[in-house]
Amino acid sequence: MPLEAVEARRLYRQVADQLRSLIDSGEYAVGSRLPTERELAEQLKISRPTVREALIALEVEGRVRIRVGSGIYVTEPADAAPAPSAVIEGPFELLRAREFLESAIAEQAARVATRDDVARIDAALVAMENVEHPGEASMVHDRAFHIAIAGCLGNAVLVRVVGELFDQRLNPYFAQLAQYFENPTTWRTALSEHRAVRDAIAARRPKAARDAMRDHLAHSQERFAQNFGAESTAGAPAARKRTARSPAQPGKPKRPSKKEAKSGSARRR
């Protein structure tokens, strides 16, 4: 029998597979609530972004439903639920790659950008300022902004790579996550971050451009990492149970008040 290639599965897919198996085995029944992100991360000893990517993958499959402020609930699977793809990168994995690559590109852009390059960056930024978000048009102009910065280096390979990484936002996992956290407020915040990148490039400040791009993509990760479960509600019963099982700790004796002391003295008499 010929050997088959061994697939190095991404960690979030391993987590999704494990949770799916627990659901299929009846450990978590349809309609029941899964542990919170924090609890899952602690039990599995992995980061919360990885747990979030796994939960988003399961939601895309139709195995769970995320209700913001309430929790993550098991749902009845659809007859033709899509199988997890081996080639879909997780949203946080993509953003970390972009943070590493595009911060270096912005740094070099600040050294070599021409007036025409800055004009193209400005045109994309103006278009971003005059479009509604979320929406397809806002993504088109956002992509154009990042492509314009990569274009400053005159390297077609870098332009293509930046474009392809940005286009991964269209994968179903990224799109599902974005629908929870992208809104006009986050768009305005992102716009100010884009302006900081543009201003550093136009001022020919390489380090400032690198830091501004890195901060922008790091903040994007933070926006996607906001809690969408019910950490306090769902976690409270478990916390109470742990407290109940904990052995009583010896405390410092409480000194009685003067009134209590006097009352006790009278009872002893």
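## Helices α1 and α3

Helix α1 crosses helix α3 in a right-handed fashion, right-handed meaning that the near helix is turned clockwise from the far one by less than a right angle. On the α1 side the contact (heavy atoms within 4.5 Å) uses L11, Y12, V15, A16, L19 and R20, and on the α3 side T50, E53, A54, L55, A57, L58 and E61. Sorted by type, these residues come out as nine nonpolar, one polar and three charged. Here Ala, Val, Leu, Ile, Met, Phe, Trp, Tyr, Cys and Pro count as nonpolar, Asp, Glu, Lys and Arg as charged, and the others, Gly among them, as polar.

As for geometry, α1 spans residues 11-24 and α3 residues 48-61, and the two pack at about 55 degrees with axes 8 Å apart. That angle makes α1 oblique to α3. Oblique is what remains after roughly parallel (under 35 degrees), roughly antiparallel (over 145) and roughly perpendicular (65 to 115). Axes are lines fitted to C-alpha atoms, for helices over the stretch in contact, and angles run from 0 to 180 degrees between N-to-C directions.

## About the model

This is a predicted model, with local features needing pLDDT of at least 70 and side-chain atom pairs counting only at pLDDT 80 or more, while totals for chains, interfaces and linings use all residues. Numbering starts from 1 along each chain as its sequence is written, and side-chain values use heavy atoms, leaving out hydrogens and water.

## Overall layout

The protein has 12 helices and two strands, in the order α-α-α-β-β-α-α-α-α-α-α-α-α-α. Those are DSSP runs numbered from the N terminus: H or I of at least four residues for helices, E of at least two for strands. Of its 269 residues, 40% are buried, that is, under 20% relative accessible area with a 1.4 Å probe, protein chains only.

## The core

The largest nonpolar core holds 60 residues, and L55, F145, I149, I201 and F224 have the most contacts inside it. Such a core is a set of buried Ala, Val, Leu, Ile, Met, Phe, Trp, Tyr and Cys residues joined through side-chain atoms within 4.5 Å. Helix α4 (residues 91-112) supplies the largest share, seven residues. Leaving aside residues up to four places away in sequence, F224 touches R52, F92, L95, F174, L177, A178, F181 and E182.

## Helices α4 and α6

α4 packs on helix α6 (residues 136-151) at about 55 degrees, axes 8 Å apart. R98, E102, I105, A106 and A109 of α4 meet H146, I149 and A150 of α6.

Key. Buried < 20%, exposed > 50% of the residue type's maximum accessible area, 1.4 Å probe, protein only.
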